[in-house]
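User: I have a structure to go through with you. Could we take it step by step?
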Amino acid sequence: MADKTMTLNLSEREMSALEALAAEKEMSKTAIMRQALRLYQLVNIRLNAGERMMFSGDEQRTIEFIGL
């Protein structure tokens, strides 16, 4: 399967975030975008299947926010 090419226009803020992630992870910007797409695809599939998405610490943050 041959790779296809596309042009992606990003705002300065988006490009800065991409460059920072690439530097932090020691990956190319293309690799970061590919990984982000795969992650978004996985999240989308699971949410469409009726699953809920939570992060560790969410329950404690809810308690702190509500004041329980």
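User: Is Asp3 buried or exposed?
Analyst: In this predicted model, Asp3 counts as exposed, because its relative accessibility is 65%, and the threshold for that class is over 50%.

User: And what does Asp3 form a salt bridge with?
Analyst: Its partner is Arg34, and the closest N and O atoms of the two side chains are 3.7 Å apart.

User: Which class does Arg34 fall into?
Analyst: Arg34 is partly exposed, as its relative accessible area is 45%.

User: How many salt bridges does a search of the whole structure find?
Analyst: The search returns 4 salt bridges. The one between Asp3 and Arg34 is among them.

User: What does Glu19 pair with?
Analyst: Glu19 forms a salt bridge with Lys29, with 3.9 Å between the closest N and O atoms. Since Glu19 lies in helix H1 and Lys29 in helix H2, this pair ties together parts that are 10 residues apart in sequence. Glu19 has a relative accessible area of 40% and is therefore partly exposed. Lys29, at 37% relative accessibility, also counts as partly exposed.

User: What about Arg46, which residue is its salt-bridge partner?
Analyst: Arg46 pairs with Glu51, and here the closest N and O atoms are 2.8 Å apart. Arg46 is partly exposed, with a relative accessible area of 43%. For Glu51 the value is 37%, so Glu51 is partly exposed too.

User: Staying with charge, how far apart are the mean positions of the positive and negative charges?
Analyst: They are 6 Å apart, for 9 positive and 10 negative charges in the protein.

User: Changing topic: what is the overall fold pattern?
Analyst: Along the sequence, the protein follows the pattern α-α-α. The secondary structure amounts to 3 helices and 0 strands. The radius of gyration is 17 Å, well over the 11 Å that the globule rule gives for 68 residues, so the protein is more spread out than a compact globule.

User: What box do the C-alpha atoms fill?
Analyst: Taken along the principal axes, the box is roughly 50 × 30 × 20 Å.

User: Then what share of the residues is buried?
Analyst: Buried residues account for 4% of the 68 residues. The protein exposes about 6800 Å², and carbon and sulfur atoms supply 55% of that area.

User: Which residues form a nonpolar patch on the surface?
Analyst: The patch consists of Met6, Leu8 and Met33, whose accessible area together is about 310 Å². Leu8 is located in the segment before helix H1 (12-25). Leu8 counts as partly exposed because its relative accessibility is 43%, which lies between the 20% and 50% cut-offs.

User: Last one, helix H3. How many of its residues are buried?
Analyst: The count is 0 among the 9 residues of helix H3 (residues 58-66), which is hardly covered.

User: And what follows H3?
Analyst: Gly67 follows H3, and its phi is positive, near 90°.

Key:
Residues are numbered from 1 along each chain as its sequence is written. This is a predicted model: local features need pLDDT of at least 70, side-chain atom pairs count only at pLDDT 80 or more; totals for chains, interfaces and linings use all residues. Side-chain values use heavy atoms; hydrogens and water are left out. Helices (H or I, at least four residues) and strands (E, at least two) are DSSP runs, numbered from the N terminus. The radius of gyration is taken over C-alpha atoms; the globule rule is 2.2 Å times the number of residues to the power 0.38. Buried means under 20% relative accessible area, exposed over 50%, partly exposed in between (1.4 Å probe, protein chains only). Accessible areas come from the Shrake-Rupley method with a 1.4 Å probe; for residues, only the protein chains shown count as cover. Lys and Arg count as positive and Asp and Glu as negative; His and the chain ends are not counted. The place of a charge is taken as NZ of Lys, CZ of Arg, CG of Asp or CD of Glu. Patches are made of residues with over 30% relative accessible area and no salt bridge: like charges are joined within 9 Å, nonpolar side chains (Val, Leu, Ile, Met, Phe, Trp, Tyr) within 5 Å.
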